[in-house]
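Thanks for coming. I have one structure to go through this morning, and I will keep to a few places in it.

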2 protein chains.
Amino acid sequence: MPSLLALHPRLIGLFLATPLRRHSSLSPLSRRLTFPISAAAARRQSSAASTQSLDTTPNDSPRSGRSGSLSSPPVHDSPQRIDVNPPKGTRDFPPEEMRLRNWLFDNFREVSRLFGFEEVDFPVLESEALYIRKAGEEIRDQLYCFEDRGNRRVALRPELTPSLARLVMQKGKSVSLPLKWFAVGQCWRYERMTRGRRREHYQWNMDIIGVPGVTAEAELISSIVTFFKRMGITSSDVGFKVSSRKVLQEVLTCYAIPENLFGKVCIIIDKMEKIPMDEIKKELKAAELSEEAIKELLQVLSVKSLAQLEEKLGAAGEAIGDLKELFSLAEKFGFSEWIQFDAAVVRGLAYYTGIVFEGFDREGKLRAICGGGRYDQLLSTFGGDNVPACGFGFGDAVIIELLKEKGLLPELSPLVENIVCSLDHTLQGAAAAVATILRERGQSVDLVLENKPLKWVFKRAARINARRLILVGSSEWQKGMVGVKILSTGEQYEIKVDELK
Amino acid sequence: MPSLLALHPRLIGLFLATPLRRHSSLSPLSRRLTFPISAAAARRQSSAASTQSLDTTPNDSPRSGRSGSLSSPPVHDSPQRIDVNPPKGTRDFPPEEMRLRNWLFDNFREVSRLFGFEEVDFPVLESEALYIRKAGEEIRDQLYCFEDRGNRRVALRPELTPSLARLVMQKGKSVSLPLKWFAVGQCWRYERMTRGRRREHYQWNMDIIGVPGVTAEAELISSIVTFFKRMGITSSDVGFKVSSRKVLQEVLTCYAIPENLFGKVCIIIDKMEKIPMDEIKKELKAAELSEEAIKELLQVLSVKSLAQLEEKLGAAGEAIGDLKELFSLAEKFGFSEWIQFDAAVVRGLAYYTGIVFEGFDREGKLRAICGGGRYDQLLSTFGGDNVPACGFGFGDAVIIELLKEKGLLPELSPLVENIVCSLDHTLQGAAAAVATILRERGQSVDLVLENKPLKWVFKRAARINARRLILVGSSEWQKGMVGVKILSTGEQYEIKVDELK
């Protein structure tokens, strides 16, 4: 075996790094994905890096330049160093972050599959018109919009639901209702980076199109609960606040407030936890609600039990009927302990018309984890026929923050079954042949592509968690054999290449 | 069992449609994904639809409006119908297209895994500066670029490699070379829609960072060959044209042509198959190459064998050395019959420096299927240190066209294990409970969310390919039992809910 002294100077440096420790600690990864707390830190780091972007040293580690066979002097006369960070508010996904993202998305997909939903997707760039609603939503103010080279107004999608509605309209009668569709897609918002928020996130959506009854909403909440349970999250960690927009609707009708103000009022109400009550009142007044209507509205919104609500609105209304049925179904589905009535929940999108719900952490540290509801009239606002519909959006940011808080983030390591290495340069082709055979048998192989000292190979094997090292040496190869080392046990043997499994 | 007469009028319409036939035929799906031939058709369809976008009928099927419980009259006073098509040059992925996309991407991922590559991703929106190279590439002319609301020049990424280079620079010394990274990401180009081309496609990239020798290129080609084999594509369907930019480099050096013209010359040469030779010559002249140099260049480019090339350039050069080694490795890897030398291959990106390759269909009907090469100086043009690197891009369009041509597109049906249905409305909660139990046992369940006639349920079961129908009826439920029907055999029995597996 080659001695340590045979190591290339750069490679010694690699060994002195501590890749295993780096991979077992999840903090750099969670710092990336978390939101809002740690995104602020990432932003600070990012802006610090931008100011250095003309330096020759990267922001995250001082670096003295590569030497030896792995590099050669730059050919161009010292070009300006680009900003190595992704655009403000966006993320790269290096392998460790990508493993986490894949793990999360795989769970989204697996839960959707358990519920019999089919996956769909839409363009990340949509016509701006799809998002121009007149209710004063935050989502519209934050539209990541552009004029394209053909002078069309386009936007990076801020949410998936309008695209889904567009596709349902396009499909028309060619699809059989109900549709149960899910999507996992990137959504964008353009906002000043003052609150440590990112400008993009991924969102898991599940939607049921064509079912008017609240069994649909119950099914959706059940799927989110199933997801939480898979994560190890319990009903003492997380709950759902549930209400219905029909509660507000009934109050507004009572005060003869025009129907076209409904969306606007909902959007104002949705800000209650963010801005002072005086402001809310002012905005409601500006929307031409009477003092009396505002008073009644705010009183109803403070109601926290269905019994109390029934006292206020009477037992006959749709709001009470829907909510009672949902709570009854929750028992059968088995998620009663996860949900609670809260009249103050209205959600921030103008198009909801019935049940609305919001997942929250019971410690109250984080923003909403997910949210959804019924939107029976979205298609008609797009000029289509009304089709009953409901759905939810579940972002990739707050859940990661929560899992981190609860110590539930998994340790995800790279995992390769074999590392294959030739003992000298002339056997590189033989090693390639062995790798090909193993891959044809479905085994993953990290093929060592250069002539490297064994010490280096063992380090790499540890870093990628290889199960087995396969060494192609001259005398064994002449007999059609290779050396095998099981890395967990240290067991070593020779085997015919044909017998490798 | 309820009679057919009990069916809702709309539901009868659903039965008369032929969902099974629709799902077993792949033509609508492949028409969407294919390119360039069928994209033209899709474009025609799309523009035809746009002209109708103010009608109340969708483009793909006349529709008489929904009736009964599934709809209610629009609340808003007939708003303008939005354009139901995705923006020009982009695609929706309804379930059938999404299944195909997932199947394709799963194969990309599985091959990458077999080769020990780790997945990464980058923002789809990048700083425009990342793509501003001065060699006159088509990719720059077609940049999908904008000014964002903060007056920054940004672009939807036209390719993944610059982002990868940026991330490698950002990581600096914190990563151990070699890196073997892959990505599957959407890329955008803005071009006039005259050639039936789409403005977005997905691209599978594999890159090896830190390996100077051509074993890296051999490994990359081997992975693409592995992918083709999984698809059922053979070396009589597809081949790789291989050359090295060093061939041109050596000719240019011979004629003392300045190194900074190299990229530009390559881009001109790359157009040889697209524009007349006179134009090529004119452009080369405009780049200040002498008549003699142009003549020699074009002569070398017509060379189709390594032996001939060796005659021209001599045996000592790097171009010949690299190419010979690659062809020798190809034998060991087992893909000799897939590759052929062709001096005319240079690829259309300015940053390639060594081996370049291009996958093509041997019938010559399609554009390049994939392409790649070595780009040892890309990081230094970004102001970083040189790091040896190579990689390839493999789009999702041409491969689908090829698979369709060869009859190799799979039939991908929706697949749900169970469909669970209550026999009357009061048992909806019981059906939900059964669905929950099955899902907890890992079984996928399509829960019928409304009270529907059995006939409807059977049709739906067939459409989603359910294996088993579970009926929750009153008398069985009182005994803790449900009815089961195995849909492939017609076998029927009752079983305790606890014993359902």
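I will take the annotated parts of chain A, and then a sheet in chain B.

A caution before that: this is a predicted model.

Tyr351(A) sits in the loop between β8 and β9 of chain A. Is Tyr351(A) buried or exposed? Its relative accessible area is 7%, under the 20% cut-off, so Tyr351(A) counts as buried. Leaving out residues up to four places away in sequence, Tyr351(A) touches Arg133(A), Glu159(A), Thr161(A), Arg245(A), Arg374(A), Tyr375(A) and Leu378(A). With Glu159(A), the side chain of Tyr351(A) makes a polar contact of 2.4 Å.

Arg347(A) is placed in the loop between β8, residues 339-341, and β9, residues 355-361, of chain A. Beyond its neighbours within four places in sequence, the contacts of Arg347(A) include Arg245(A), Cys266(A), Asp270(A), Tyr352(A) and Glu358(A). Arg245(A) is in the contact list of Arg347(A) and in that of Tyr351(A).

Next, the other annotation. The unreviewed UniProt entry has a "coiled-coil region" at residues 277-326 of chain A. In the model, that stretch is 76% helix and 0% strand, and its end C-alpha atoms are 30 Å apart.

Now chain B. Here there is an open sheet of 3 strands in the order β2-β4-β3, with antiparallel pairing. From one strand to the next the twist averages 35°. Between β3(B) and β4(B), residues 153-156, there are 4 bridges, and the two strands run antiparallel. Within that sheet, Cys145(B) stands opposite Ala155(B) in β4(B).

One residue of β3(B) to finish: Glu147(B). Its relative accessible area is 44%, and Glu147(B) is therefore classed as partly exposed. Which residues does Glu147(B) contact, leaving aside its neighbours within four places in sequence? They are Arg152(B), Arg153(B) and, from chain A, Phe146(A). Glu128(B) is 19 residues away from Glu147(B) in sequence, with 9.4 Å between their C-alpha atoms.

Technical notes:
Residues are numbered from 1 along each chain as its sequence is written. Chains are lettered from A and ligands numbered from 1 in the order in which they are written. This is a predicted model: local features need pLDDT of at least 70, side-chain atom pairs count only at pLDDT 80 or more; totals for chains, interfaces and linings use all residues. Side-chain values use heavy atoms; hydrogens and water are left out. UniProt positions are given in the numbering used here, feature names are shortened, and annotations may be inferred rather than shown by experiment. Contact means heavy atoms within 4.5 Å. Buried means under 20% relative accessible area, exposed over 50%, partly exposed in between (1.4 Å probe, protein chains only). A polar contact is a pair of N or O atoms within 3.5 Å; within protein, one must be able to donate a hydrogen and the other to accept it, and residues adjacent in sequence count only if both atoms are side-chain atoms. Two strands pair if DSSP finds at least two bridges between them. Axes are lines fitted to C-alpha atoms, for helices over the stretch in contact, and angles run from 0 to 180 degrees between N-to-C directions.
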